[in-house]
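I opened the notebook to record what I looked up, one topic at a time.

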Amino acid sequence: MAGAVTTDEPSVGPVERLSLYSSMVLSREFETEAERQYKAAKIGGYCHLSSGQEAATVGCVEGLGEDDYLVTGYRCHGFALARGVPPEEVMAELFGRQGGCAHGRGGSMHLLDVDRNYYGGWGIVAGQLPVATGLALGAVRQDRRSAVLCELGDGAVNMGAWHESLNLAALWDLPIVFLVVNNSYGMGTSVERASAEPEIYRRAEAHRMHGERIDGNDLDAVLEASTRLLDRARSERLPAVIEAVTYRYRGHSVADAGIAYRSKEEVASWKEHRDPISLQRDLLLTQGVPEDEIAGVERAAIEAVRRAVEFADSSPEPSTDEMASGVYSPGSARQFERMRPGSPFGEASLTFDAGLGS
Amino acid sequence: MTYREAIRLALREEMNRDSSVFVMGEEVGLFDGSYKVTSGLMDEFGPDRVRDTPISEEAFVGAGVGAAMIGERPVVEIMTLNFLLVAMDQVINHAAKVGAMFGGEVRVPMVIRTPNGAGNQLTAQHSQSFDGWFAGTPGLKVIAPSNPRDARALLKAAIRDDDPVLFIENLPLYKQKGEVDTADDSVGEIGRAAVAREGSDLTMVSHSFATTRCLDVAERLESEHGYSVEVIDLRSLRPLDVETVSESVARTNRAVCVEEGWPTYGVTAELAARIQRACFDDLDAPVERVGMAEVPLPYAKSLEIEAMPNTDRIIAAAIATLEGAK
């Protein structure tokens, strides 16, 4: 991990650390349960798990203030949870239920929570970067002292949208931090096989933007960098790139066993030596937090996930009568009322009677 | 005033009315607009509200989406519709998806303005009309007015609308003049076609510059052939006002649909499908379609003229519909 910053001295005290640990464990337990529920066919579509990446996720989200914005790609369960979206609403969204944070319209990849300034959950690699750049532009236009944290994977940095967004952010002095979660593989293609410049953070230089690489499994390092760079973005309108080097334990999605392109030894080595949750557990003990308090936090996370499944299971399926709700803004029904004649068979009842803009 | 001036007037009026409205695009400010639509606006509103962008459509269209998601009302200018192709992911997979995919929790009140059209020997990459592609996408609204009055009223409606609107202009229309009552500040209604000319023998359905062509053709069909031709100006492609079209065809019993783009899978294909279903018992002839010849537009002037939906081709289609193919 050339150039990655690792902290020597833990800067986080035991109380805050236990709270962040709790968030990391919740994320891990949630992903473990999501995989179970996927295999039980309660969850469909794609389901991208982030087990192993908890320090990068929780540490960066912790650097956000209440008025800051969060935008992510599709590996987003952990980000939503870290931002405070109730696990019930996240699991219900994965189950495709009305009680989900997107009312069953988005699924695993399209979580959001406008009240918490979490603006999605986007499924096209790098497509969220221009959108996040626009959030930063909007925040500036509205004179808010808000920063945007835009998460992307290592696979996204070879897309044109990455270069275009970095250019615009630097050119217009926008308060945005691009968080590259470098988990070593874009699907099954390693960073080295995809990027001519595998030290991704260095690409920021091309736009005269600050970039740095951190050990994404070291919570203290992540928190320090995200806090510093988000503060700077907020107060000085300076964009930045953080490359958090981490590792994904599971496959690209639940459908990928994750062994065709990497060795079992490699996965085992990360789990044994660099597991972000084990590292935090050790630090908590070193900082004098009693074992039973740590165990209590772990039990609470398991219980929260159990309740999330219970809620998701009991949440109703979205009503077919409301299929078209949300597609257009309220009031659009009047604009569409003359479109009905000659519409394709069956479409009239679905499109025009199913809650369109009403 | 001209179509170009009417759009500028609408922009100015909406920017004066609402500080969240801002213009963004290539050469919209210092250069005064590639086609001078935004001429003078940077001096009037400053570089923050008339924001020049680099040549980077994917980024600034997406930036419009993001800004709109938190309540700004960006009006993004794309130099021509052809260049919107490099930002298609942002238009189709982002702007059009937000409302539904996020369960109605957030909206994108954004306008993308862009001209299309052919006829200036701009050749294959700069002469295309993809209106039908966008109009076939749930989540978008697509407006394409044919005259200055509608351009002003409907652009104001588009800016005030809470959904992403593609506002399609047209290069040959920019210089076209028409009556605009500057004292009448009213906002147009989206999803309403207009009867641009009344008639009883044939209905011609069109939008944007094709409406100009159809009005010319209608005059000639009357003066040279004695036919009374009704011309429908769709104005809005999504929502599509099929009611006005089908009411007209039910009276005239004949329809010719005209567009600037390729008719295969195009706007006229959709119209023909709707008309045959809504007016099956009324039709006395097959629905005819006229559009761009199905080739990438050639450079040579002689070829370009022949490839476009020119007056002669529309007249031939109308006569065939009225008298039967000979």
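Domain bounds here come from an automatic or database domain assignment. With those bounds, I found domain 1 (14-314) and domain 2 (321-353) in chain A. I took their centres over C-alpha atoms, and 37 Å separate domain 1 of chain A from domain 2 of chain A.

I noted the ground rules. This is a predicted model, where local features need pLDDT of at least 70, side-chain atom pairs count only at pLDDT 80 or more, and totals for chains, interfaces and linings use all residues. Residues are numbered from 1 along each chain as its sequence is written, and chains are lettered from A and ligands numbered from 1 in the order in which they are written.

**Entry: where the chains touch.** I counted a contact when the C-beta atoms of two residues, placed from the backbone, lie within 7 Å. By that rule, 47 residues of chain B are in contact with 41 residues of chain A. Which helix gives the largest share of the side of chain B that touches chain A? It is α3(B), with eleven residues. Helices are DSSP runs (H or I, at least four residues), strands are E runs of at least two, and both are numbered from the N terminus. I sorted the residues on this side of chain B into 22 nonpolar, 14 polar and eleven charged. Nonpolar means Ala, Val, Leu, Ile, Met, Phe, Trp, Tyr, Cys and Pro; charged means Asp, Glu, Lys and Arg; the others, Gly among them, are polar.

**Entry: two helices of chain B.** I looked at how α9(B) and α10(B) pack. Their angle is about 55°, and their axes are 10 Å apart. Axes are lines fitted to C-alpha atoms, for helices over the stretch in contact, and angles run from 0 to 180 degrees between N-to-C directions. The two helices, α9(B) and α10(B), are therefore oblique to each other. Under 35 degrees is roughly parallel, over 145 roughly antiparallel, 65 to 115 roughly perpendicular, and the rest oblique. V242(B), V245(B), S246(B) and V249(B) in α9(B) meet L271(B), R274(B), I275(B) and A278(B) in α10(B). I sorted these residues into six nonpolar, one polar and one charged.

Entry: Most residues other than glycine have a negative phi, and most peptide bonds are trans. I found a cis peptide bond between R238(B) and P239(B), with omega about 5°. P239(B) lies in the loop between β10 (236-238) and α9 of chain B. R208(A) has a positive phi, near 55°. I found R208(A) in the loop between α7 (191-194) and β7 (210-215) of chain A.
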